[in-house]
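Please read this note with the model open beside you.

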Amino acid sequence: MEAAVWVGIDVSKARLDVALGAAGELFEVANDQRGIAALLARLSQPALARVVVEATGGLETALVAELGAAGLPVVVVNPRQVRDFARATGQLAKTDALDARLLARFAERVQPPLRALPTPAERELKAVVARRRDLVEMLTAERNRLGSAPKVLHREITAHIRWLEARLKERDRDLDRKLRGSPLWQEKEDLLRGVPGVGPVLCATLLAELPELGRLDRREVAKLAGVAPLNHDSGRLRGQRTGWGGARAGARGALPGDPLRGALQPGPQGLLPASA
């Protein structure tokens, strides 16, 4: 029987560096539709255990969508985990080819579990939430700038603030339409909105950044969001339990302080209202 191959793909804007195993063939293709098609043809030959890709802020989206549509076992991993693995194994040098080899070795040693890939609707919701977050940051910066800017710039900055406010209202309307247009999201929204302090923006952020809500158990989703109290013990030392890490910083950053975290209680379907 043909041995399973653990594939690592390093993604950049221009190309994809591919390693067929930690010590196997290494090649590259363009990061465009033609290059991805050629890659799919190559990957259809060996018996694949996993195809591992780092999250790169969106450069990997088209590749992962095509791999998933082809039925290949693709996993998107947190870059921090891969960097920690590299340091632990003594690999300090960094090139695109070395990173592809590293991803293949990481896949073989760690064997990250397969999870359902986000649907097009989930990717779109996440993009709208991310754009709204950008608008809020730009709006805050312009309002702060207006307080110290000379009068000659006030008219320009004020016009930009009004433009940003209009775009922000548009994105809020987009989020509302998307959540109400999906029966599944509507059901989850109704559940989340039952928690005191959860408004439409936080609800949309949780659904976009944590689509696993309702699919993972309470411990897994809490660790994913970085709010699980992790042990910090050594010998007789019993350190304070704190929540840190997690692969979904956007979800964790959207959570208010202790009142909300106290209202979200562990449940069989993940984080649920205290009354659920």
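**Notes on the predicted model**

1. The model is predicted. Its largest nonpolar core has 21 residues, and Leu125, Leu207 and Leu210 touch the most other members. Helix H5 (120–148), helix H6 (151–180), H7, H8 and helix H9 (218–225) each give two or more residues to this core. H8 supplies the largest share, six residues.

2. There is also a second, separate core, made of 20 residues. Val5, Val18, Ile36 and Leu39 are among them.

3. Two packed helices are described by the angle between their axes and the distance between the axes. The axes of helix H7 (residues 183–192) and helix H8 (residues 200–209) come within 10 Å, crossing at roughly 130 degrees. Angles over 145 degrees count as roughly antiparallel and 65 to 115 as roughly perpendicular, so H7 and H8 are oblique to each other. Their crossing is right-handed.

4. Which residues make the contact between these helices? H7 contributes Trp185, Lys188, Glu189 and Leu192, while H8 contributes Cys203, Leu206 and Leu207. By type, five of the contact residues are nonpolar, two are charged and none is polar.

5. For the protein as a whole, the secondary structure comes to 11 helices and 11 strands. Of its 276 residues, 40% are buried. Among contacts with a separation of 6 or more, 57% are between residues 24 or more positions apart.

Definitions and conventions: Residues numbered from 1 in each chain as written. Predicted model: local features only at pLDDT ≥ 70, side-chain atom pairs only at ≥ 80, totals over all residues. Heavy atoms only, no water. Axes fitted to C-alpha atoms, helices over the stretch in contact; angles between N-to-C directions. Helix = DSSP H or I, 4+ residues; strand = E, 2+ residues; numbered from the N terminus. Parallel < 35°, antiparallel > 145°, perpendicular 65-115°, else oblique. Left-handed = near helix turned anticlockwise from the far one by under 90°. Contact = heavy atoms within 4.5 Å. Nonpolar A, V, L, I, M, F, W, Y, C, P; charged D, E, K, R; others polar. Core = buried A, V, L, I, M, F, W, Y, C linked by side-chain atoms within 4.5 Å. Buried < 20%, exposed > 50% of the residue type's maximum accessible area, 1.4 Å probe, protein only.
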